[in-house]
Amino acid sequence: MQINSAEQKALQHSISNDARVLYLLGLKPIANQQTGITDALNYKSLLTLLNGKEPKFTLGREVNGLVKELLQVGLVSVKHQIEITQSFNGKTLTLPLMVNAPDNYRALHINWHPMTLDWTPNPSLIKDLAQLIGIIDADYTASELGDFIAYWLGRPEAGFTEYQWTQKFVFNLKKTRLAHGLKPVKKIGQQIVTSQAGIEADQNTKNLVAKYGKTGSN
């Protein structure tokens, strides 16, 4: 199984070999090659994979612990702000490093850091990611940004790359806006868009998928 340079660097961080096995053999094979989004996790099958010939793991929360290791080094991310005490069984994860990013975003995958008080999302990336997941208006308010920063400042153990922080912020924008009554009315491919913007969004989606699908050097 091939891994790119960003994945290789992350796998060299201080995580257990079991977490590496989970990523390479349990998650990558069930992740979409273009989006990095996995199928819904099945802890029963993952336990079988991790145990091999010896029953080392018996509980779902032990798999949860391995997923948290991968979260800490940026190998996986979640769509929404899931509390670390919750199970990931039946949920999907995103493997952001396995997706070949455009050259102008490669530098955003390199350095891991916790949230800071003065953090702001990458202005170019937020527009691209917002378009990909169906956010028509990528502009955000000071309140939306402040809520996001305040949440993650309370979790100083969490460290992610600039790419992943921006990705998390975009997912959070979509979640909170839907919760406040934004009603998407049309779906094009993997995008949810308003019918008024349907034609334009369809072309933008094709362009962005083509850009993100380009094969990068490993």
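Is Gln 167 buried or exposed? I looked it up, and Gln 167 counts as buried, because its relative accessibility is 9%. My cut-offs are under 20% relative accessible area for buried, over 50% for exposed and partly exposed in between, with a 1.4 Å probe and protein chains only.

**Ground rules**

I am working with a predicted model, where local features need pLDDT of at least 70, side-chain atom pairs count only at pLDDT 80 or more, and totals for chains, interfaces and linings use all residues. Residues are numbered from 1 along each chain as its sequence is written, and side-chain values use heavy atoms, with hydrogens and water left out.

**Gln 167, continued**

I placed Gln 167 in helix H7. Helices here are DSSP runs of H or I with at least four residues, strands are runs of E with at least two, and both are numbered from the N terminus. Leaving aside residues up to four places away in sequence, I found Gln 167 touching Ser 77, Thr 94, Pro 96 and Leu 129; a contact means heavy atoms within 4.5 Å.

**The whole chain**

I then stepped back to the chain, which has 8 helices and 2 strands. Read from the N terminus, the order is α-α-α-α-α-α-α-β-β-α. Of the 218 residues, 44% are buried. Among contacts with a separation of 6 or more, 70% join residues 24 or more positions apart. The accessible surface is about 11800 Å², and carbon and sulfur atoms hold 54% of that; the areas come from the Shrake-Rupley method with a 1.4 Å probe, and for residues only the protein chains shown count as cover.

**Aromatic pairs**

Next I went through the rings of Phe, Tyr and Trp (its six-membered ring), which pair if their centres lie within 6.5 Å; planes under 30 degrees apart are stacked, over 60 edge-to-face and the rest tilted. I got 9 aromatic pairs by this rule. Tyr 140 and Phe 169 are edge-to-face, because their planes stand at 90 degrees, with the ring centres 5.2 Å apart. This pair links distant parts of the chain: Tyr 140 is in the loop between helix H5 (123-132) and helix H6 (142-153), while Phe 169 is in helix H7 (residues 162-179), 29 residues apart. Tyr 140 is partly exposed at 31% relative accessibility, whereas Phe 169 is buried at 0%.

I also checked Phe 160 and Trp 165, an edge-to-face pair with 5.0 Å centre to centre and 85 degrees between the planes. Both Phe 160 and Trp 165 are buried. One aromatic cluster includes Tyr 140, Phe 160, Trp 165 and Phe 169.

**Charges over rings**

My test asks for NZ of Lys or CZ of Arg within 6 Å of the ring centre and within 35 degrees of the ring normal. Arg 155 lies over the face of Tyr 151, 3.8 Å from the ring centre. Lys 168 has its charged end over the ring of Phe 160, 4.5 Å from the centre.

**Helix H2**

Last, I turned to H2, where Asp 18, Ala 19, Leu 22, Tyr 23, Gly 26 and Leu 27 are buried. They are on the same side of H2, because they cover an arc of only 145 degrees around the axis, taken from the directions from the helix axis to the C-beta atoms. Their cover includes helix H1 (5-11), helix H3 (43-51) and helix H4 (60-72). The face turned away from the buried side carries the exposed residues Asn 17 and Leu 25.
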